[in-house]
Every structure is written in C-alpha cells, then in structure tokens.
Amino acid sequence: MRETDSRAALRRGLPDRYLTPDDIAEIFGVPVETVYQWRKKRTGPRGFRIGKHLRYDPVDVRAYVEQRKHAETAVA
C-alpha cells in the first residue's frame, strides 16, 4: 500500500488480503516498532501468526478503528 495519504486506505476500504506489520505502520503513520509494542501491550488491532509471520485481518483493523473512534467520542 504505497499512498500519499495512508489514511485513505481506511476511508476507501482496506485491501482484500491479510495485512503485515509494515502495512499497519503505514496506514496509521507510526513506526513499525510501535505496531509491535501495541501487540506486546495488547492495545492495537488484533493480530495473529501464520507460522512465524504476524498478520492482521482487515476486518479486525476496521473494528479497532471504530472502537477507538467511539472511545474518543465517549470521552469528549
């Protein structure tokens, strides 16, 4: 996913494939190390392993974004 505005991927729809940590970092505009820290702390989108490879289901990423949006509006 190489886009000028990576957040466009979330507005337009995520790819129809499992996402890598690099994809997640690009979409959210954070370093890939942050993605691994989210996983370690269980605070980011839910990921899973296929062998030694970490992957993210686009459905879970979308759910994570919606959850964060609702959490933000509940606090405001």
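Predicted model: local features only at pLDDT ≥ 70, side-chain atom pairs only at ≥ 80, totals over all residues.
## Basis of the model

Local features are given where pLDDT is at least 70, side-chain atom pairs count only at pLDDT 80 or more, and totals for chains, interfaces and linings use all residues. Residues are numbered from 1 along each chain as its sequence is written, and side-chain values use heavy atoms, with hydrogens and water left out.

Helices (H or I, at least four residues) and strands (E, at least two) are DSSP runs, numbered from the N terminus.

## The hairpin

Strand β1 covers residues 47-50 and strand β2 covers residues 53-56; the two run antiparallel and are joined by four bridges. Strands are taken as paired if DSSP finds at least two bridges between them. Arg49 has Leu54 in β2 as its bridge partner. Two residues separate the strands of this hairpin, and Gly51 in the turn has a positive phi of about 65°.

Arg55 also belongs to β2. With a relative accessibility of 22%, Arg55 is partly exposed (buried means under 20% relative accessible area, exposed over 50%, and partly exposed in between, with a 1.4 Å probe and protein chains only). Leaving out residues up to four places away in sequence, Arg55 touches Tyr18, Leu19, Thr20, Pro21, Gly47, Phe48 and Ile50; contact here means heavy atoms within 4.5 Å. Between Arg55 and Asp22 there are 33 residues of sequence separation, and their C-alpha atoms are 9.8 Å apart.

## The nonpolar core

A nonpolar core is a set of buried Ala, Val, Leu, Ile, Met, Phe, Trp, Tyr and Cys residues joined through side-chain atoms within 4.5 Å. The largest one consists of 10 residues: Leu14, Leu19, Ile24, Ala25, Ile27, Val35, Trp38, Leu54, Tyr56 and Val61. At least two residues of this core come from each of α2 (21-28), α3 (32-41) and β2. The most come from α2, which gives three residues.

## Helix α2

Helix α2 is mostly covered, with six of its eight residues buried. These are Pro21, Asp23, Ile24, Ala25, Glu26 and Ile27.

## Salt bridges

Side chains of opposite charge can pair when their charged atoms come close. A salt bridge is counted when a side-chain nitrogen of Lys or Arg is within 4 Å of a carboxyl oxygen of Asp or Glu. The count is three by this rule. In one of them, Arg17 pairs with Asp23, with 2.7 Å between the closest N and O atoms. Arg17 is partly exposed at 37% relative accessible area, whereas Asp23 is buried at 8%.

Asp60 and Arg46 form a salt bridge with an N to O distance of 3.0 Å. This pair links distant parts of the chain, 14 residues apart: Asp60 lies in helix α4 (residues 58-75), and Arg46 lies in the loop between α3 and β1. Arg46 is exposed, with 58% relative accessibility. Glu66 and Lys69 also form a salt bridge, at 3.5 Å from N to O. Both of these residues are in helix α4, three residues apart, or about one turn of the helix. Glu66 is partly exposed at 27% relative accessibility, and Lys69 is partly exposed at 45%.
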